[in-house]
Amino acid sequence: MTSVLERLSARYEDDLNDLIAFLRIPSVSAQSQHRDDVARAARWLEEYLRRIGMNHARTLPTAGHPVVYAEWIDDPEKPTALLYGHYDVQPADPLELWETPPFEPDTREGRLYARGASDDKGQVMVHLAALGAWLAAEGRLPINVRVLIEGEEEIGSPSLEPLLRAHPELLRADFIVISDTTMFAEGLPTLCTGLRGIAVAEAHVTTAASDLHSGLFGGAAPNAVQVLCELIAACKGSDGKIRIPGFYDRVVEPTPQERAAYAALPFDEQQLMKSLGLPALAGEAEYTAFERTTIRPTFEVNGMWGGFTGEGSKTVIPQEARAKITCRLVPDQDPEEILELLADHLRRLCPPYARVELQRGAGARPWKASLEHPSTQAAIRALEATYGRRPALAPSGGSIPIVETLDRLTGAPMVLMGFADPGCNAHAPNEFFSLETFRTAREACARFWQEAAETF
Ligand code: BES
Ligand code: MN
Ligand code: MN
């Protein structure tokens with residue numbers, strides 16, 4: 001173990017340069033103009049895995065972006081871990097708000113700035129650097145490891161489940177490790193104990209056969225934007241309660257013990273308001289802000305448009321309006337059922353002079369960890385040894401669509417060790433990864449494999 005840690009100290013600059021090279025590839029999964037870049041990132045990763053000594057490194061094609069796989073399986077009798085991550089990133093827009101270009105990584109003030117620095121290339125490279133150090137220093141890993149890094153997480157992982165169903169052998173593992181979540185506070189290592197699911201949809205309202213003169217027809221002709229606003233307003237009240245009938249039917253309430261554990265977390269509502277530039281927070285009064293953002297479901301309009309939005313005024317009645325909607329889901333809500341309830345609700349409320357249609361998008365089910373497994377204990381010990389404090393255990397409000405699928409397909413316990421800073425600007429301009437965390441998280445991951453081997 002000492003030799004591995006020494007190797008990591010000596011390799012810090014080299015590991016950082018490898019991450020920087022990886023971050024230069026604009027592997028934006030959502031945009032077709034980046035298709036070749038995504039493929040290039042997969043090849044880069046495959047090559048890197050081979051270079052650090054992982055075996056059978058390969059790029060597996062799918063109907064969408066490829067999946068990169070490698071393994072190091074020494075003795076099949078030993079426990080096997082599956083390490084999952086994603087090499088795709090979110091679009092970098094709006095570009096003008098970046099202080100340095102998103103795909104030209106820049107180190108300043110102890111941080112590495114680039115799209116994907118935290119989500120998830122930085123966290124993936126922390127793990128791979130730790131594996132590389134083990135293989136270089138000891139010529140082996142303490143347990144068997146499979147590595148599976150996908151290129152479609154940011155678009156809901158549509159191709160991964162079909163691939164895994166066709167190749168179940170890739171999933172043969174005793175537990176799963178993922179680093180694609182955040183730390184609770186700067187320098188406070190965190191195990192993520194739950195993720196919200198998601199349901200994605202677009203509502204489309206139409207009224208008259210064309211846009212109309214608001215002077216000649218205003219008063220009798222319906223306005224599509226007005227209708228859409230009324231429908232949206234009927235989905236959530238200003239008390240934060242979602243008004244879609246049946247929406248809460250499957251929601252599991254936190255137990256008193258869980259609520260006490262959440263209350264004990266170092267979550268600062270005042271600080272949150274300050275950092276968001278808000279004089280007050282919105283939402284359900286009887287839940288804390290932490291609970292509202294992690295274990296309660298949401299209904300959000302992500303964007304809404306229709307009618308005239310250009311310069312000047314235009315006296316027109318729009319015939320069409322659209323809204324992009326996402327709901328975050330908690331156990332035991334199901335995305336398809338939620339979209340069904342939403343579609344029914346909109347249809348029921350739609351006035352006779354309008355039509356509403358709901359286009360359904362991606363979905364993912366929520367997930368909750370079971371913490372009894374020894375791999376969780378191994379992670380706690382590795383993080384404690386590295387950071388000198390016990391990791392926080394907390395659910396997160398984000399979604400990693402494949403997590404619940406992996407749970408369902410394998411039943412294997414999952415360890416979600418998050419290394420991103422809570423203010424890392426993931427998905428936003430000026431995303432960064434802390435250089436200090438990059439250094440220490442590699443050590444924590446190297447220790448984790450040792451701890452895991454000893455606990456089994
Ligand atoms: N890594 C994030 C999810 C995340 C971030 C979970 C922080 C917990 C803490 C992931 O890459 C992500 O952004 N997921 C998307 C999924 C969506 C595109 C289907 C999300 O949550 O919006
Ligand atoms: Mn991610
Ligand atoms: Mn993301």
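Donors are N, O and S atoms within 2.8 Å of the metal (3.2 Å for Na, K and Ca); water is not among the atoms, so sites may look incomplete. This is a predicted model, in which local features need pLDDT of at least 70, side-chain atom pairs count only at pLDDT 80 or more, and totals for chains, interfaces and linings use all residues. Residues are numbered from 1 along each chain as its sequence is written, chains are lettered from A and ligands numbered from 1 in the order in which they are written, and side-chain values use heavy atoms, with hydrogens and water left out.

**Metal site**

D119 bridges the manganese ion (ligand 3) and the manganese ion (ligand 2), which lie 3.6 Å apart. D119 sits in the loop between β5 (111-113) and α3 (121-138). H427 lies 308 residues away, in the loop between β18 (414-418) and β19 (432-434). Helices (H or I, at least four residues) and strands (E, at least two) are DSSP runs, numbered from the N terminus.

Buried means under 20% relative accessible area, exposed over 50%, partly exposed in between (1.4 Å probe, protein chains only).

| Residue | Relative accessible area | Class |
|---|---|---|
| D119 | 12% | buried |
| H427 | 40% | partly exposed |

**Helix packing**

Helix α2 (residues 35-51) packs against α3 at about 20°, with axes 10 Å apart. Axes are lines fitted to C-alpha atoms, for helices over the stretch in contact, and angles run from 0 to 180 degrees between N-to-C directions.
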